[in-house]
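This report describes a ligand site and a strand hairpin. The sequence and structure come first.

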Amino acid sequence: MSLEGVESRLLIDGELTEASGSRVYDNINPATEEVAGEAADASLEDADRAIAAARRAFDETGWSRDLDLRKKCLQQLHEALVANREVLRPQIIAEVGAPLGLTYAVQQDTCIDDMLWDIGVAVDFAWERDLPENEFFGIKSRRVVVHEPVGVVAAITPWNFPFMLNLAKIVPALMAGNTVVLKAAPDTPWSATFIGKLVAENTDLPAGALNILTAFHPAEVGDALTGDPRVDMVSFTGSTAVGKHIAKRGADNVKKVFLELGGKSAHIVLDDADFAAALPGAAIGVCTHAGQGCAIPTRLLLPRSRYDEGIEQMAENMRGMKYGDPTNVENLMGPLISAKQRDRVLAYIEKGKAEGARLVVGGGRPAHLEKGFFVEPTLFADVDPDSTIAQEEIFGPVLSVIPYDDEDDAVRIANHSRYGLSGAVSSGSLDRAMAVARRIRTGTLSVNGGMWFAADTPFGGYKESGTGREHGLEGFVEYLETKTIAYPA
Ligand code: NAD
């Protein structure tokens with residue numbers, strides 16, 4: 001696949017522009033370890049200009065009050081993305097290491113299609129509602145509840161599903177009437193700057209309504225965005241550590257902070273489950289995009305009564321996983337995003353061994369792949385629920401199997417986590433699985449292989465997995481303020 005049509009310039013105040021001082025950095029292909037091209041390295045000066053432009057577009061243009069214009073502009077962007085799918089696809093594969101098959105789904109095409117739902121939800125939204133007449137202090141009043149945009153939104157996204165997450169933030173935020181400064185992850189700049197190119201060249205979006213920054217040192221530009229009083233809201237997806245930092249910075253001027261953070265989800269396989277139906281999905285889940293997904297169930301809870309049978313089947317499933325070159329559509333799993341992430345995952349594997357877990361499959365770098373930041377599909381059995389690999393997010397293709405005694409024990413272990421993002425339950429009885437699912441403290445749950453991911457599904461976490469919801473009606477409402485106006489009846 002050739003890399004044509006790459007756009008690496010920033011979008012600031014309606015202009016595609018180089019970073020100040022023409023600063024650039026290398027965008028590395030994680031499957032080949034080679035330089036795929038250049039990315040713009042925004043400075044504090046660029047961040048300042050982007051915030052000023054977003055502020056001006058919000059305060060001084062009619063954008064926030066013109067739903068028809070917003071619909072038109074976002075539809076123009078949708079059309080441009082549809083027309084450019086095959087230009088973008090190789091870029092996403094090259095910078096993310098995303099397997100080709102995933103680009104036909106959630107890494108690219110699904111989220112382009114989902115834009116229409118996001119546009120529609122704003123168009124159909126009940127922006128105002130009347131409350132019944134009331135009397136207070138002798139004054140009879142009528143009241144109207146009005147929904148309005150929050151203002152300037154700083155959207156900050158990670159590298160694992162960058163294009164999807166960029167759209168998941170900018171489309172509802174813009175449709176709600178906000179203006180946006182998007183800061184992409186340093187490892188995946190083009191998934192953002194390509195959107196900037198299409199916005200500049202194909203839409204009537206007013207200058208400053210959307211600004212796009214990429215930067216090599218994320219904390220510099222990131223801190224500038226999250227600490228700036230001209231920014232009204234931060235919409236962040238990333239690690240819990242950075243999320244906590246952002247929440248503290250936002251507190252200084254009481255910003256609205258919306259956080260989608262890490263996860264350590266559990267898949268409970270009940271003793272009456274059909275293992276042949278449930279377990280292949282558990283292996284595919286943890287190997288999809290090399291385990292670099294926040295909602296992937298990375299803890300597998302098996303009943304002691306059928307434990308050996310389960311481990312044997314899981315070992316077979318993990319050994320049969322196809323992985324390698326992400327441009328080969330047969331590969332489910334490509335590389336990790338960087339040498340740093342690969343080394344972090346390998347360090348967790350060593351920690352797992354040192355803390356007494358039994359390594360059943362994998363555990364290292366694949367001998368047959370000389371280049372690329374690959375890690376073998378890895379299966380640990382006999383994992384202590386308190387150990388590091390059962391508690392911390394590894395973000396690699398590493399599955400920790402934990403035995404449990406009975407249903408209550410399984411629920412207790414599943415909930416024994418500082419995270420609460422997602423999970424799964426498998427059982428021969430739908431009623432039994434649903435009852436267990438209701439006891440798990442997470443934002444989404446899959447029962448017997450059900451798929452919750454969709455544009456209309458609110459997604460987000462309990463506990464340290466975040467605050468607020470992305471996607472769905474709830475996701476749209478995150479980008480709104482609520483105002484009540486009263487007048488004499
Ligand atoms: P990260 O927290 O390191 O980085 C996320 C983003 O924050 C990047 O754009 C990064 O440049 C930026 N950033 C770093 N320091 C910053 C600062 N001081 N101020 C502002 N921004 C800053 O996360 P990552 O390693 O890119 O992504 C992996 C993490 O993202 C995992 O923990 C994963 O679970 C999480 N994630 C969560 C969801 C979800 O919806 N809950 C989805 C995808 C990924």
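An oxygen atom of the ligand has a backbone N or O atom of Gly-238 at 3.4 Å. The ligand alone exposes 840 Å², and the protein buries 90% of that area (Shrake-Rupley method, 1.4 Å probe; for residues, only the protein chains shown count as cover). A backbone N or O atom of Thr-157 lies 2.6 Å from a ligand oxygen atom, and a side-chain N or O atom of Lys-183 lies 2.9 Å from a ligand oxygen atom.

This is a predicted model, in which local features need pLDDT of at least 70 and side-chain atom pairs count only at pLDDT 80 or more, while totals for chains, interfaces and linings use all residues. Residues are numbered from 1 along each chain as its sequence is written, and side-chain values use heavy atoms, without hydrogens and water.

## The shell around the ligand

Around the ligand are 29 residues, of which Thr-157, Pro-218, Ser-239, Leu-261 and Glu-393 come nearest (a residue is near if one of its heavy atoms lies within 4 Å). Domain 1 (10-261) and domain 2 (265-455) each supply at least three residues to this shell; the domain bounds come from an automatic or database assignment.

α8 gives the most to the shell, with four residues. Helices (H or I, at least four residues) and strands (E, at least two) are DSSP runs, numbered from the N terminus.

Strands β3 (residues 24-28) and β4 (residues 35-40) run antiparallel and are joined by five bridges (pairing needs at least two DSSP bridges). Ile-28 has Val-35 in β4 as its bridge partner. Six residues lie between the strands of this hairpin, where Glu-33 takes a positive phi near 65 degrees.

Note on methods
Polar contact = N/O pair within 3.5 Å; in protein donor to acceptor, adjacent residues only side chain to side chain.
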